[in-house]
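Subject: Structure handover

Hello,

Here is the structure you are taking over. My notes on helix packing, the sheet and an aromatic pair follow it.

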Amino acid sequence: MRTIYCVLLVLFSLSACSEITKNKDAPSIIDAQIDEQAETNNTTENLSIPDNRFSSTYQILIFGNSHIVGLDTLIGQLMRTANPDAHIKVVNGGGGFLDNKSSLEHRTSLIASENWTHLILQGQKYSQSGTHKYSTTATELWVATAKEQKITPILFPEHPQKGNREEGRRVHQIHSEIAKRQKTCVAPVGLTWDKAIIIEPQLKLHNRDGNHASLIGKLLTAYVFYESITGEPADLLPYIAEIDVEETVQQALKQYASEIILLNPPCVFD
């Protein structure tokens, strides 16, 4: 574990210049040079994606920022409903952006602490305006680290902010490009949100800040991850009364998730 941490720390030092939010669109020339150097030094092996869909034990770890809060609980509820006899553990490992050096050692220890089956990765930096390309080295390193330990990595492209019709597809594309360089699953979260917004614009998927997800929005995202993790159609899940979302809304959200996943499979196993 110490060796993995040291390798990650060296490469993170090249790729993580500062804690830039996705709304900052004016990186310096030095930032760009560091990004280029980091990409050059990312020489990790491109292993196949471990297939842990059909496990009797699901141990799921989530890395990310405030967008993952509460998602662990919902994913756990969905999976326990579908697999009451399975051992299921879902942990919010937090840590902020994926190139956050201050949480690197803690995250590395977490990965080594359990026999995780899946690692969900949220927090790849991106330019809200689309005018700058941030380094993806840190994300690719986490993907490679997961695969080395037989963990299925799943990228979490963020949902679009309220009123932004381009963001969901653009962020999904950024993560799809990562998957071309380092094989990984890509959960089509933003694409599913786009479909739901188009068909049912009255759904309150966002919190008041227009950025974070409401309970309905989190549930939609959780359905996408349920199907991405298990390979089982989300639209076959029963109504869960313990989740404070109307039955008709739950049914619609499940259908949107399954329809988009059918067109955009998250994982391509060799």
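Helix H6 (residues 167-181) packs with helix H7 (residues 189-199) at an angle of about 160°, and their axes are 8 Å apart. Axes here are lines fitted to C-alpha atoms, for helices over the stretch in contact, and angles run from 0 to 180 degrees between N-to-C directions. Helices (H or I, at least four residues) and strands (E, at least two) are DSSP runs, numbered from the N terminus. H6 and H7 are therefore roughly antiparallel; the classes are roughly parallel under 35 degrees, roughly antiparallel over 145, roughly perpendicular from 65 to 115, and oblique for the rest. The contact (heavy atoms within 4.5 Å) involves Gly168, Arg169 and His172 on H6, and Gly190, Leu191 and Asp194 on H7.

This is a predicted model, in which local features need pLDDT of at least 70 and side-chain atom pairs count only at pLDDT 80 or more, while totals for chains, interfaces and linings use all residues. Residues are numbered from 1 along each chain as its sequence is written, and side-chain values use heavy atoms, with hydrogens and water left out.

By class, the contact of H8 with H9 has 10 nonpolar, 3 polar and 2 charged residues. Ala, Val, Leu, Ile, Met, Phe, Trp, Tyr, Cys and Pro count as nonpolar, Asp, Glu, Lys and Arg as charged, and the others, Gly among them, as polar.

Next, the sheet. It is open, has 5 strands in the order S2-S1-S3-S4-S5, and its pairing is parallel; two strands pair if DSSP finds at least two bridges between them. S2 (87-95) and S5 (185-186) are the edge strands, each pairing on one side only. Strand S1 (residues 57-64) runs parallel to strand S3 (residues 118-121), joined by 4 bridges. Leu61 stands opposite Leu119 in S3. Helix H3 (residues 71-82) packs on the sheet and touches S1, S2 and S3; its direction makes about 165° with that of S2.

Last, the structure holds 2 aromatic pairs. Rings of Phe, Tyr and Trp (its six-membered ring) pair if their centres lie within 6.5 Å, and planes under 30 degrees apart count as stacked, over 60 as edge-to-face and the rest as tilted. Phe63 and Trp142 form an edge-to-face pair, 5.5 Å centre to centre with 65° between the planes. This pair links distant parts of the chain, with Phe63 in strand S1 and Trp142 in helix H5 (residues 137-148), 79 residues apart.

Regards
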